[in-house]
Amino acid sequence: MLTEKIKISSWQATALLTVNIISTAILYPPGFVPQLAGRDAWISFALSGVFGLSIVYLVVLLCSRYPGLNLLQIGEAVLGRFLGKLVGFGFVLFFISTTAAIILEFSDFMVTAFMPRTPLAVFNILMILFSLYAVYLGLEVICRVSEAAVVPILVFFLFTMVFMIGEVELPSLLPVLDAGFMPVLRGSLFFLSWTAQAFLLGMLYPYLVRPQQAAKIGIYAIAIISFYMIAGAIFLEGALGSGQVARLLYPLLSFARLIKAGGFLERLEAVVILIWIFGQYIKISLFIYFSAFSIRQVFGLADYRTFLWPLAALIAALSLTIFGNSMELENFIKNILSPFVLFFALIIPLCLFGVTILKNSVGKI
Amino acid sequence: MKNLFSSFRKGLRRRPRKNTGQINKLPQKPDHPNYAVPLSLAEKTEIMGKLVGHSNDIVFRRFNLGFTDIQVIAVYAQGMANSHAQNQAIFKSLMLYEEKSEEVGGGKREITGKSDPALIYELVKDNLIITGQLTEHEDLWEAAIDVLSGDTVLLFDGVNKILSVRVRQVPQKNIEDSEREVSIRGPQTGFSEVLETKIAQLRNKIKHPALKIESIRGGVYTNTGVVMAYLQGIVNPELVEEARRRLERVIHVDGIWESGVIEELIEDNPFSPFPQVEITERPDKAAAQLISGRVVIMMDGSPNVLIVPTIFWQFIQASDDFYQRLIGFALRPARVIALLLTLFLPSFYVALTTYHREMIPLSLLMAISAAREGVPFPAFVEAFIMEGIFEFLREAGLRLPMQIGQALSIVGALVLGQAAIQANLVSPAMVIVVATTAVMSFMIPAFHFSVSLRLLRFVVLIFAATLGFFGMLLMAVFLLTHVVSLRSFGVPYLSPLAPLNLDDLKDVLLRLPVWSHKYRPLILRPQDIKRQDEGLKPVKPRPEK
């Protein structure tokens with residue numbers, strides 16, 4: 001009795017967005033943002049949370065004008081068939097390339113931190129294969145996995161931080177805004193490529209059981225993420241100092257390795273891996289789903305399941321070839337990711353919204 | 001050459017052979033739906049003879065009604081009828097009938113040898129058969145099934161109806177204590193194997209007109225009674241309709257010997273390792289689930305009844321949780337932990353000692369390494385062998401008589417445990433891990449659920465041994481995806497956790513007190529949502545001022 005009509009409750013959407021953003025947000029940003037903003041990293045995280053909220057607001061405002069349509073369909077409705085398909089194709093490329101990047105990010109982390117002698121391809125291919133199962137079962141199942149996983153993920157995350165509370169020295173956060181406001185702004189723009197992913201709400205919008213709560217969903221998701229990132233930044237800063245944090249590739253992992261609690265609980269990396277694998281699995285399946293979904297949308301196909309295997313092969317090949325080494329990946333994340341994501345998360349919805357307003361006012365005259 | 005190939009291809013196609021032999025021409029209900037009762041006694045006897053076969057245990061007793069020359073034929077299966085009841089209700093009353101005028105309904109009804117056959121039939125039906133359990137058939141097939149179930153069927157001349165008197169004597173055990181689902185405080189009796197007794201046991205628990213019983217006959221050759229019970233007005237009518245629709249498969253199956261056959265026919269995902277139907281042999285549990293808005297399916301000949309729809313969490317709930325104060329509150333989370341350990345503990349150990357030694361605290365690492373000193377196998381092989389031996393031991397012990405079972409436990413504990421360690425074949429740490437896993441798996445109340453967990457444990461073990469934590473967690477999240485995607489009669493398997501339903505969660509991860517349950521499980525979408533009145537919470541009596 002699998003129903004064809006997808007229905008997503010508000011809680012599911014919140015869980016999906018939260019897991020989706022936080023699973024990669026805890027990988028690089030805790031190290032990269034302090035490189036830009038120094039000891040004021042936590043302000044950067046807070047600021048990009050605010051920016052993220054404005055993107056949520058924009059997307060919800062746009063979607064509520066076209067009930068029952070997702071971002072791609074709105075594109076076609078606003079810009080017409082040809083331009084709409086072009087934008088849709090842009091989204092296809094965006095989703096496929098980000099999926100490849102996310103998968104590489106994940107396997108690069110696994111190889112660097114845990115299993116240096118295992119080839120990257122093993123992680124890439126296994127992760128894609130297992131995610132395909134969730135993709136095959138559909139968006140509703142991905143939502144349910146994320147709502148089952150979100151509480152353990154958040155609780156374990158909190159758990160690792162609580163154990164460090166003794167080592168945190170808050171005075172090391174002072175002085176605030178020592179280097180001026182620009183570094184903080186640059187840090188927040190960098191992290192915006194994560195909070196901006198809340199624009200995926202525009203893809204989920206037509207399936208929401210209560211679309212009027214869409215703004216709330218985005219606000220809660222960004223609030224949770226901002227809370228964790230700000231707390232993480234303060235804890236890392238207080239425990240390690242910004243100089244050291246900025247030098248680490250995966251500061252949270254190093255942080256978890258430092259934990260010694262009760263004399264026997266040492267090195268809680270196992271917990272960290274748990275968070276990462278669960279979170280990344282959900283994120284990768286969601287992005288593969290959206291890739292397949294947008295291909296289906298743009299080319300007007302009946303079922304996305306028919307071309308999942310070739311798509312998976314393409315993504316697997318891309319994830320192995322798109323970046324030559326981890327330095328290139330880091331470079332991409334540091335310099336290119338932010339404008340790349342913002343183009344799709346901010347500029348396109350903004351254009352669509354502008355054209356809508358323009359059309360309406362022209363229509364009135 | 002071409003012919004050779006084509007005939008070869010034809011051979012591969014393997015057409016079903018047509019039935020030509022006489023032996024295959026057994027009368028079957030689905031193929032011959034209409035066995036209308038003929039008027040004449042001779043014809044009736046002939047068709048009946050064909051139907052119930054010329055078996056030696058089927059008796060055709062020809063006798064006269066009283067001292068008239070009206071002929072009656074009683075058909076019954078020898079040994080299946082209760083001969084005392086049969087004599088009292090049928091033979092004594094019919095054979096000793098005195099020909100006389102009867103005052104019936106104010107009018108006179110005289111029965112003689114020349115009376116109207118319909119009148120005779122009515123008289124026998126209304127006045128002479130001294131039992132309450134009388135059925136009228138207009139279909140010879142139905143009558144034949146009654147004969148084969150142990151009832152006595154009476155054939156009359158000149159009427160196209162048949163009387164069936166229920167005098168069956170079902171071979172029956174006494175009602176025994178439920179042995180597979182032990183409860184400390186709850187009711188001790190388990191379900192009987194006989195369908196009628198089971199229904200009576202259920203009615204004994206729920207004395208309310210809402211309890212409805214619907215019965216069908218399942219299995220083409222076994223004609224087993226299968227019954228669906230539900231509480232009208234509480235249960236979701238769509239669920240009843242769905243259950244009815246699925247139970248139609250049961251009619252066409254070859255035979256039914258256990259509720260497991262029905263389970264396999266009605267479940268949603270036949271290839272999932274997880275059971276999607278709850279089995280119980282406790283009437284109290286079945287009754288409680290009925291009141292929650294579920295449907296209970298029972299069959300003749302098995303003490304196990306099926307409960308649908310089933311969610312994941314039902315398998316970690318025991319009856320005692322509901323009978324003892326606040327026990328469930330602590331036990332439920334403990335069982336969740338036991339469940340996770342059953343699945344992942346051996347894999348965790350193997351992954352840790354093989355791939356992630358740096359995560360083990362130094363003193364513990366020393367202890368484990370010292371214990372593993374001299375063990376010739378890698379941890380994975382060691383774990384696989386030990387877990388395998390344990391499963392074999394358990395399986396071997398399962399079907400052994402008690403006396404030999406003791407010998408097995410000695411062999412298992414002493415020879416395989418102690419000696420294997422002394423011979424340095426396995427490390428003591430591994431034995432501890434295996435033993436803990438075993439204890440944990442015993443903590444799960446539902447046996448058929450823990451079987452699937454035990455099986456999956458090996459799969460997880462293989463992944464943990466090849467890829468460490470990554471493999472183990474990948475398998476974990478894969479299982480989570482699978483469990484989350486399952487449905488039982490349309491109800492998501494992992495609900496109320498995913499999809500979340502906060503009110504239902506009160507009875508899942510924890511068991512809050514009885515008075516706090518205001519609603520029936522909402523995931524079942526019951527017709528009557530409200531469970532009980534509010535304000536049932538005991539109030540502490542205050543001393544009057």
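Select domain 2 of chain B together with domain 3 of chain B, which bury about 1,400 Å² between them, 71% of it on carbon and sulfur atoms; buried area here is the accessible area (1.4 Å probe) that two parts lose on being put together, summed over both. In domain 2 of chain B, pick out B:Pro273, B:Phe274 and B:Pro275, which lose the most area to domain 3 of chain B and together make up 38% of what that side buries. This is a predicted model, in which local features need pLDDT of at least 70 and side-chain atom pairs count only at pLDDT 80 or more, while totals for chains, interfaces and linings use all residues. Residues are numbered from 1 along each chain as its sequence is written, chains are lettered from A and ligands numbered from 1 in the order in which they are written, and side-chain values use heavy atoms, with hydrogens and water left out.

Next, move to chain A and select A:Cys143, which is buried, with a relative accessible area of 0% (buried means under 20%, exposed over 50%, partly exposed in between, with a 1.4 Å probe and protein chains only). The sulfur of A:Cys143 is 16 Å from the closest cysteine sulfur, in A:Cys63, and is therefore too far away for a bond.

Conventions:
A disulfide is a pair of cysteine sulfur atoms within 2.5 Å.
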